[in-house]
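Let's take a friendly walk through this model, from one residue out to the whole chain. Please keep the viewer open as you read.

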Amino acid sequence: MNILQILPELNVGGVETGTLDLARYLVKMGHKAVVISAGGSLVKDLEAAGAKHYELPVHKKSLINIFKLIPRVNDIIKREEIDIVHARSRVPAWIGFFASRKTARTFITTCHGYYSRHPFSAVMGWGRRVIVLSNVIGRHMIEDFHVPHERIRLVARSVDLDRFNFVGPETKRAAGIFNVGIIGRITPLKGHLHFIKAMAKVAKIVPNLKIWIVGEAPESKEAYKEQLHILVKRLGLTQCTQFLGTQRDIPGILSHLDLLVLATTTHEAFGRVIVEAQAAGVPVVATKVGGVIDVIDDEKTGLLVSAADPEAMAQAALRIYNDPALAKTLAGRAIEKVRNFYTVEKMVQNTVSVYEEALRSRKILVIKFSSLGDIILSTPGLRALRERFKENYYISVLVKADFKEALMGCPYIDELLVCDFQNRDKGLAGF
């Protein structure tokens, strides 16, 4: 297969790392991997893995930009003989959707966030298959964007275990310092303010506390970052807090942490950093938001607390500090779950299965509004369709409500769709 992934950029982040991991393994499996993005620090790694990269401004939220880029993406699809167009964000999805329609390619999306109910976000549900990272996101796409359940596929994020060395909490604690970290973009949604307030409570009890804040703020959030610095000073945490900015070596960071905190305040699609920490033997305290509850079994593979609750977060952190046996147990159970469910090999295998299924599956819609006799006489044609398209074809028939009984229980179709032009579907809007 020839796979095109399209996303805003290729800098450090969960979406970007997942794109790189998938491309790397696709090449190893003998497939062609092509990526379109606005560029970034991971482009060199992508190309070193044998994938091909095209740099286009697919990150710009502009209708003019979207329409300008569709023909250029069309050309890339034809030049690279692409089979699957896989969009991982909303602007790239609009471009990829129209380009795939124009070139008759299969379009697939991955929902990496809990999107607001806005028409601009609807495109993320238009793929022949819609990949979601967690059950929460799957329900969100079904309930709020009316994506049919049969098009949803759950493929969790993954961690490359070759990059992470598991070291149990009991080994690290011997150093005598309790290192607590938060890793992620510095934005209000990630809950840094609540994390710092929680650490101020922990610092009153733990004399050797060190706080690591890993990640950088987008330009639009510089004021928020400054607010964090001010809060650190006001709470007397300056001597024990480090703002480390963007870090490429996350395994190296995790190898020094005794605890990772995820303080997100809104629905988190998955929380990739959680499984990375668990792969490195770091216990995790996280807020009960979105897909986090899929990843962490409370009191078994980590500790869950309410969002925006510094007191609960501090108490959970102190439990890890005061109870080394608990920390060891949580870490041991977590790595087993990671090995069973969240390896990069499993993610690639599941994604490739979605690709193959999408390429095989087809839908046929037969529209027959006219008289009862004509509908009855159409049944040999439906039988012929079923005999010709036996596997991987889903046949639907659309009829008026007056004639639905004629096809009820018809063995040659998968779905009977009914229009009630006299009542529910009356008028132009109903049609």
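Two residues are in contact, or touch, when they have heavy atoms within 4.5 Å of each other. This is a predicted model, in which local features need pLDDT of at least 70 and side-chain atom pairs count only at pLDDT 80 or more, while totals for chains, interfaces and linings use all residues. Residues are numbered from 1 along each chain as its sequence is written, and side-chain values use heavy atoms, with hydrogens and water left out.

Let's begin with H86, which sits in strand β4 (residues 84–87). Strands (E, at least two residues) and helices (H or I, at least four) are DSSP runs numbered from the N terminus. Leaving aside residues up to four places away in sequence, H86 touches L4, Q5, I6, L22, I108, T109, T110, I131, T351 and Y355. With Y355, the side chain of H86 also makes a polar contact of 2.6 Å. Such a contact is a pair of N or O atoms within 3.5 Å; within protein, one must be able to donate a hydrogen and the other to accept it, and residues adjacent in sequence count only if both atoms are side-chain atoms.

Is H86 buried or exposed? H86 counts as buried because its relative accessibility is 1%. The cut-offs are under 20% relative accessible area for buried, over 50% for exposed, and in between for partly exposed (1.4 Å probe, protein chains only).

Q242, in strand β10 (residues 241–245), is partly exposed, with a relative accessible area of 41%. Beyond residues up to four places away in sequence, Q242 touches I211, W212 and I213. The C-alpha atoms of Q242 and I213 are 6.1 Å apart, although 29 residues separate them along the chain.

**Helices**

Here are two helix pairs, with axes fitted to C-alpha atoms over the stretch in contact and angles running from 0 to 180 degrees between N-to-C directions.

| Helix pair | Angle | Axis distance |
|---|---|---|
| α3 (residues 63–79) and α4 (residues 90–103) | about 55 degrees | 8 Å |
| α12 (residues 310–322) and α13 (residues 324–341) | roughly 100 degrees | within 5 Å |

The angle makes α3 oblique to α4, whereas α12 is roughly perpendicular to α13. Angles under 35 degrees count as roughly parallel, over 145 as roughly antiparallel, 65 to 115 as roughly perpendicular, and the rest as oblique. Among the residues making the contact are I66, L69 and I70 of α3 and W94, I95 and F98 of α4. For the other pair, R319, I320, Y321 and N322 of α12 meet P324, L326, A327 and L330 of α13.

Helix α10 (residues 272–279) is largely enclosed by the rest of the structure, because 8 of its 8 residues are buried. They include R272, E276 and Q278. After α10 comes G281, with a positive phi near 85 degrees.

**Cores and the whole chain**

A nonpolar core is a set of buried Ala, Val, Leu, Ile, Met, Phe, Trp, Tyr and Cys residues joined through side-chain atoms within 4.5 Å. The largest has 67 residues, and I36, I95, M141 and L254 touch the most other members. Apart from that core lies another of 37 residues, including V180, I186, A198 and A327.

Overall, the protein has 17 helices and 16 strands, and 52% of its 431 residues are buried. Its C-alpha trace spans about 85 × 45 × 40 Å along the principal axes. Of the contacts between residues at least 6 apart in sequence, 65% join residues at least 24 apart.
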